[in-house]
Amino acid sequence: MKLLVTGGLGFIGSNFIQKILHEESEIKIINMDAKLIGSNSENLSGIKNNENYEFVKGNIANKNSIEKLVKKVDVVINFAAETHVDRSIVNPELFLKSNLLGVYTILESVKKFKKKLIQISTDEVFGSLKTGSANEEFSFNTSNPYSASKGSAELLINSYIKTFDCDVNITRCTNNFGPRQSPEKLIPKIISLAEKNQKIPIYGSGKNIRDWIFVMDHCDAILKVMLKGKRGESYNISASNE
């Protein structure tokens with residue numbers, strides 16, 4: 001099997017690539033990354049000479065670049081996205097270009113070449129829940145440009161599944177933590193500040209509860225969806241670790 005992993009220099013994408021190359025000797029990976037904010041070449045510095053790995057610099061919104069790669073592979077796994085909520089409030093346009101237009105470009109290619117797509121979405125499409133947890137049938141309730149761009153991409157994907165019979169799965173995971181995570185994210189930020197005996201910020205009232213999952217557990221779930229997921233289905237992923 002040959003995979004096109006988009007956004008593979010990011011936090012979750014790089015952990016997924018590490019997992020595949022260490023555990024699945026029969027799978028080859030092309031990693032396409034635009035090297036924008038959130039990308040870190042050091043995340044995969046130890047595997048750049050692996051014979052099952054190839055890196056291509058490119059943007060998922062570039063039709064020609066995507067088509068050249070999609071036709072070579074069996075499955076596309078799209079990690080590429082603008083992800084930081086605060087930045088989406090400052091500049092929503094970047095998020096629409098990457099998270100919606102980029103997904104459209106990938107969809108056109110997987111439709112053309114009849115390939116499988118795994119879209120890495122987010123639990124934030126469901127918004128804030130007062131009680132309980134969301135299942136796959138919950139309505140979207142996006143509350144910022146980031147989550148709105150990811151939710152919009154899901155709606156577009158569903159239209160391609162129904163209209164063009166595209167082979168796509170969507171995964172929505174809760175908050176990840178683990179190796180290679182950006183220091184601007186909550187858990188590494190808190191650890192870094194605590195190590196320096198600096199003040200730790202409290203967000204809002206400090207009473208919000210969020211669910212957290214170790215990034216490699218998320219990667220395990222993505223691999224299972226890729227190999228065993230039912231065509232056209234979406235899958236929520238959680239560790240029930242609030």
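**Entry 1: a loop residue**

I began with Lys35, which is found in the loop between E2 and strand E3 (53-57). This is a predicted model, and I keep that in mind throughout. I looked up the backbone angle next. Lys35 has a positive phi of about 55 degrees, although this residue is not a glycine. Is Lys35 buried, partly exposed or exposed? Its relative accessibility is 43%, so Lys35 counts as partly exposed.

**Entry 2: another positive phi**

I then turned to Arg180. Arg180 lies in the loop between strand E7 (175-177) and helix H6 (186-195). I noted a phi near 75 degrees, again a positive value in a residue other than glycine. Arg180 counts as partly exposed because its relative accessibility is 33%.

**Entry 3: the sheet**

I traced the strands next. Which strands make up the open sheet, and in what order? I read seven strands in the order E3-E2-E1-E4-E5-E6-E9, with parallel pairing. E3 and strand E9 (234-237) are the edge strands, and each pairs on one side only. From one strand to the next, the twist averages 20 degrees. I also wrote down a general point: strands of a sheet pair through backbone hydrogen bonds, either parallel or antiparallel.

I picked out E1, which covers residues 2-6. Why is E1 largely enclosed by the rest of the structure? Four of its five residues are buried, so the rest of the structure largely encloses this strand.

I checked both neighbours. Strand E2 (residues 28-33) pairs with E1 in the parallel sense over five bridges. Within that pairing, Leu3 stands opposite Ile29 in E2. Strand E4 (residues 75-78) also runs parallel to E1, and four bridges join them.

In E2, the bridge partner of Thr6 is Met32. In E4, the bridge partner of Thr6 is Asn78.

I looked at what lies on the strands. Helix H2 (residues 63-70) lies across E1, E2, E3 and E4. H2 runs at about 175 degrees to E2. Helix H7 (residues 215-228) packs on the sheet too. H7 touches E1, E4, strand E5 (116-122), strand E6 (167-173) and E9. The direction of H7 makes about 145 degrees with that of E5.

**Entry 4: a helix pair**

My last stop was helix H4 (residues 92-113) with helix H5 (residues 145-164). How far apart are their axes, and at what angle do they pack? The axes are 9 Å apart, and the angle is about 15 degrees. Angles under 35 degrees count as roughly parallel, so H4 is roughly parallel to H5. H4 passes H5 in a right-handed crossing. I listed some of the residues that make the contact. On H4 they include Phe95, Leu96, Leu100, Val103 and Tyr104. On H5 they include Tyr146, Ala153, Leu156, Ile157 and Phe164.

I finished with Glu93, which is found in helix H4. Glu93 is partly exposed, with a relative accessible area of 48%. How far is Glu93 from Pro145, in sequence and in space? They are 52 residues apart in sequence and 8.9 Å apart in space, C-alpha to C-alpha.

Notes:
Residues are numbered from 1 along each chain as its sequence is written. This is a predicted model: local features need pLDDT of at least 70, side-chain atom pairs count only at pLDDT 80 or more; totals for chains, interfaces and linings use all residues. Side-chain values use heavy atoms; hydrogens and water are left out. Buried means under 20% relative accessible area, exposed over 50%, partly exposed in between (1.4 Å probe, protein chains only). Helices (H or I, at least four residues) and strands (E, at least two) are DSSP runs, numbered from the N terminus. Two strands pair if DSSP finds at least two bridges between them. Axes are lines fitted to C-alpha atoms, for helices over the stretch in contact, and angles run from 0 to 180 degrees between N-to-C directions. Angles under 35 degrees count as roughly parallel, over 145 as roughly antiparallel, 65 to 115 as roughly perpendicular and the rest as oblique. A crossing is left-handed if the near helix is turned anticlockwise from the far one by less than a right angle, and right-handed if clockwise. Contact means heavy atoms within 4.5 Å.
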